[in-house]
Amino acid sequence: MKYPKLIPTLLVSALVAAGNAQAATAYISNEKDDTLSVLDLDSWTVTDTIDVGERPRGIALSKDGSKLYICASDSDTVQVMDLATRKIVANLPSGADPEQFSLHPDNRKLYISNEDDALVTVVDTQTHEVVAQIEVGVEPEGMAVSPDGRWAVNTSETTNMLHWIDTQTHELVDNTLVDQRPRHVEFRKDGKLLWASAEIGGTVSVVDVESRQIIKKLNFEIKGIHPDKIQPVGIKLTDDGKYAFVALGPANHVAVVDAKTYEVLDYLLVGRRVWHMEFTPDRKHLLTTNGISGDVSVIDVDDLKVIRSIKVGRYPWGVVTTP
Amino acid sequence: MSPIHYLHAFTGVVKREFWRFIQQRSRFLSALVRPLLWLVVFAAGFRAALGVAIIPPYETYITYETYIAPGLCCMILLFNGMQSSLSMVYDREMGSMKVLLMSPMPRSWLLISKLMAIALISLLQVYAFLAIAWIAGVEPPLLGLITVLPALVLVALLLGAIGLFLSARIRQLENFAGVMNFVIFPMFFLSSALYPLWKMRESSEWLYWICQYNPFTHAVELVRFALYQQLNLEALAITLGCTTLFALLAILSFNPERSARTMPARG
């Protein structure tokens, strides 16, 4: 070994590895490799790489954590993986080019963005049938279902709108105009606020769910980085309502925002072109997928520091974690 | 002679070096300003806000400031090692060296004491620099500030020994400018202090090999790894080997009589 760690570090990691056969795990979709990387969250090592459909992007867990849904964009399907066996058990009729999706709290209805068809497809994950297709703006991308299950919100990248879909009637009820190229939407845990990122606009809008009006617009500025490179995509909010993390794409930074005052507290340096993020099950760390550098950076949520970056496949896109 | 005598001689040398250090506050400041200028001005102009690629011992992307901090620590040790050792030329001219060598202690012990004294004083400056760098956003792990200590001591001894060896060969004080040009600058620039070696290799293969054979590169890497609580065995072996070699050479070639005899009296 050329660079041995100090002995205590070695001992501790050996003990941890031995004591935790069933460790917390992250699954990362690698857009260019058509694979999922399985990341052990105790040893921070990639323990497995699984072949899946073509161009996997959005991934989501079933509410009980037993199944993983994978948007295989170029296979035009949403794959269902049994996490116990890590085998694909079903292909859902998702409509063409599924990119992002969101699972309804009822654990049945999956709301899927069909990027090429300007549609949102609703699929029943038990019967494997299409329940509804809703016309939305051009290039639908971001997708989120409110915690109470009432709203499904879709973002359209070219129309620059948030589309509010009533999940009872599957009707498009309202639209909220945001800045250019909205990529991602994230509900606050209590469902009262919705955060939406605009990639080209370079902003994040905070929307009041009740009135569906923007109540605050956030801007980002990093010393030494051209404003054009600051392209907000992924958003994650801590459960305690303290912080919001915003992935800034080719700016290679994640913005830390005070979720109460909307003040940007810090910018954390991660890998190249950071898009999506997920908390570890213990909520102590946040994982980011860095597309161009092909790695996942780990942020310590309490210290607000990046502690390491781990190589995964080519163009990692989505990430989920299980206990 | 008992160990007490050795200790007494050692503390005597350290005290003298310390008093000199206290009296030359400007030297302390310049030793601090130099690396800080590099950190603030040079690194800012470098514009690496998008991050430096991951290389060991770093586990994630770092800013350029973070990359050059260990090299700048070594820069302090380099200038101090050279300056202090070369001040022996001054001591020799002023005759204070003769007083020192009148001690019944073995000459090697006196020289080693001198090296240790220089190292201890340099450490104060390195930690002062690290404290200011912390404010500038270079935040190594706290424990790393302790694990880096032995690495810093060893590197200080290495550079002091090289300085001592050179001072035995240099006749006059004015030659410090020459040392600056032909020793300090090449040692610093042709190392991994400012750029990772793979970057050097991208521009030219032979430049890479010069850097690879420069002991200062391994000194910087030893400090860099230690600052992140890791041991780079290769760097340790090379630094330790070079320190021993130059210390031996310095002791063997140190001949105060020769210079005193051949030196014309200066008015």
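pLDDT is the predictor's confidence in each residue, from 0 to 100. The structure is a predicted model, in which local features need pLDDT of at least 70 and side-chain atom pairs count only at pLDDT 80 or more, while totals for chains, interfaces and linings use all residues. Residues are numbered from 1 along each chain as its sequence is written, and chains are lettered from A and ligands numbered from 1 in the order in which they are written.

**View 1. Confidence along chain B.** Chain B has a mean pLDDT of 85, and 90% of its residues reach 70 or more. Helices (H or I, at least four residues) and strands (E, at least two) are DSSP runs, numbered from the N terminus. Among the elements of chain B, the highest mean pLDDT, 96, belongs to helix α10 (residues 215–227), and the lowest, 49, to helix α12 (residues 256–262). Over residues 259–267 of chain B, pLDDT stays under 50, and the model has five contacts beyond four places in sequence for this stretch; a contact requires C-beta atoms, placed from the backbone, within 7 Å. Where pLDDT is low, the predicted coordinates should not be read in detail.

**View 2. An open sheet in chain A.** Four antiparallel strands follow the order β4-β5-β6-β7 in chain A. Strands β4 (56–61) and β7 (87–92) of chain A stand at the edges with a single partner strand each, so one side of each is left without a neighbour in the sheet. Two strands count as paired if DSSP finds at least two bridges between them. Strands β5 (residues 67–72) and β6 (residues 77–82) of chain A pair over six bridges, and C71(A) has V78(A) as its bridge partner in β6(A).

**View 3. Strand β14 of chain A and its partners.** Five of the six residues of strand β14 (residues 161–166) of chain A are buried, that is, 20 or more other C-beta atoms, placed from the backbone, lie within 10 Å of their own. Strand β13 (residues 151–156) of chain A pairs with β14(A) in the antiparallel sense over six bridges. Six bridges also join β14(A) to the antiparallel strand β15 (residues 171–177) of chain A. M161(A) is the bridge partner of S156(A), and L177(A) in β15(A) is the bridge partner of M161(A).

**View 4. Helix α5 of chain B.** The 29 residues of helix α5 (residues 107–135) of chain B should span 42 Å at 1.5 Å a residue, and the end C-alpha atoms are 43 Å apart, which agrees. The expected span is 1.5 Å times one less than the number of residues. Just after α5(B), G137(B) takes a positive phi of about 105°.

How values were computed: Contact = placed C-beta atoms within 7 Å. Buried ≥ 20, exposed ≤ 12 C-beta atoms within 10 Å, placed from the backbone.
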